[in-house]
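Student: I would like to go through this model term by term. Please set each value against its cut-off.

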Amino acid sequence: MDRVDRILAQWQRERPDLDVTAMGLIGRIRRLSLHLLRGMEETFAAHGLTAAAFDVLATLRRSGPPYSLSPGELIATTMVTSGTMTHRIAQLEKAGLVERVVNPEDRRGAIISLTKQGFALIDAAVTAHVETQARLTAALSKGEKAALAALLRKYLAAFETEP
């Protein structure tokens, strides 16, 4: 029995009229999320990053050469508000990890690019991040990971649709 099982047993005892199956699923997802986030945040911190900074740098890195995106593209990919993205970009620019350059296609706008320092940092951080994620999922076999990925993909699709 895990902690969620004990909570479900208590509800079953107190309110046998309720089907608490969903409570168990969501409770486990929430608890797992906390453990996973904690493990990943430790990796980010070891590289001097927050989860938010990692998100922006990783988005730029995985965009491919020239590792540049407009603020609007960053907002769409990271799903944060423009004010939040402006703050994140300013902090990363101050740290020398990104730079703003004039958008050659629209001189009124800017393009955000990884600096050499930012590229090196995110490459090291993403390598450690992948290692951390492997460690955090090591309790599952390869087959279990595939099965869980399929179930989570189906579940997530009920909430998110690709444009």
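Tutor: Start with the annotation terms: UniProt positions are given in the numbering used here, feature names are shortened, and annotations may be inferred rather than shown by experiment. The UniProt record, an unreviewed entry, places the feature "domain: HTH marR-type" at residues 22-157. This is a predicted model, with residues numbered from 1 along each chain as its sequence is written. Local features need pLDDT of at least 70, side-chain atom pairs count only at pLDDT 80 or more, totals for chains, interfaces and linings use all residues, and side-chain values use heavy atoms, with hydrogens and water left out.

Student: What makes up the span of residues 22-157?

Tutor: The span is 70% helix and 12% strand. Its end C-alpha atoms lie 17 Å apart. Helices (H or I, at least four residues) and strands (E, at least two) are DSSP runs, numbered from the N terminus.

Student: Why is threonine 132 called buried?

Tutor: Buried means under 20% relative accessible area, exposed over 50%, and partly exposed in between (1.4 Å probe, protein chains only). Threonine 132 has 7% relative accessibility, so it counts as buried. It sits in helix α6, residues 116-136. Contact means heavy atoms within 4.5 Å. Leaving aside neighbours within four places in sequence, threonine 132 is in contact with Gly39, Met40 and Thr43.

Student: How do you know whether glycine 118 is buried or exposed?

Tutor: Its relative accessibility is 0%, so glycine 118 counts as buried. Glycine 118 also lies in helix α6. Beyond four places in sequence, glycine 118 contacts Gly96 and Leu97. Its C-alpha is 31 Å from that of arginine 153, which is 35 residues away in sequence.

Student: And threonine 115: which class does its relative accessible area give?

Tutor: The value is 15%, so threonine 115 is buried. Threonine 115 is in the loop between β3 and α6. Not counting residues up to four places away in sequence, threonine 115 touches Gly96, Leu97, Val98 and Glu99.

Student: What makes a set of residues a nonpolar core?

Tutor: The set must be buried Ala, Val, Leu, Ile, Met, Phe, Trp, Tyr and Cys residues joined through side-chain atoms within 4.5 Å. The largest such core here has 23 residues. Leu49, Leu57, Leu60 and Leu74 have the most contacts inside it. The elements giving two or more residues to this core are α2 (21-46), α3 (51-62), α5 (82-94), β3 (106-114) and α6. α3 gives the largest share, six residues. In soluble globular proteins, nonpolar side chains tend to be buried together.

Student: Why are α3 and α5 called roughly perpendicular?

Tutor: Axes are lines fitted to C-alpha atoms, for helices over the stretch in contact, and angles run from 0 to 180 degrees between N-to-C directions. Angles under 35 degrees count as roughly parallel, over 145 as roughly antiparallel, 65 to 115 as roughly perpendicular and the rest as oblique. The axes of α3 and α5 come within 10 Å and cross at roughly 85 degrees. The two helices are therefore roughly perpendicular to each other. Ala52, Ala53, Asp55, Val56 and Leu57 of α3 make the contact with Met85, Arg88 and Leu92 of α5.

Student: What angle do α3 and α4 make?

Tutor: They pack at about 110 degrees, with their axes 10 Å apart. That makes α3 roughly perpendicular to α4. Asp55, Val56, Thr59, Leu60 and Arg62 in α3 meet Leu74, Thr77 and Thr78 in α4.

Student: How do α4 and α5 cross?

Tutor: The axes of α4 (residues 71-78) and α5 come within 10 Å and cross at roughly 110 degrees. So α4 is roughly perpendicular to α5. Pro71, Leu74, Ile75 and Thr78 of α4 make the contact with Ser82, Met85 and Ile89 of α5.

Student: Why is methionine 79 called exposed?

Tutor: Methionine 79 has 69% relative accessibility, so it counts as exposed. It lies in the loop between α4 and α5.

Student: What about tyrosine 67: buried or exposed?

Tutor: Its relative accessible area is 18%, so tyrosine 67 is buried. Tyrosine 67 lies in the loop between α3 and β1. Its phi is positive, about 60 degrees, although it is not a glycine.
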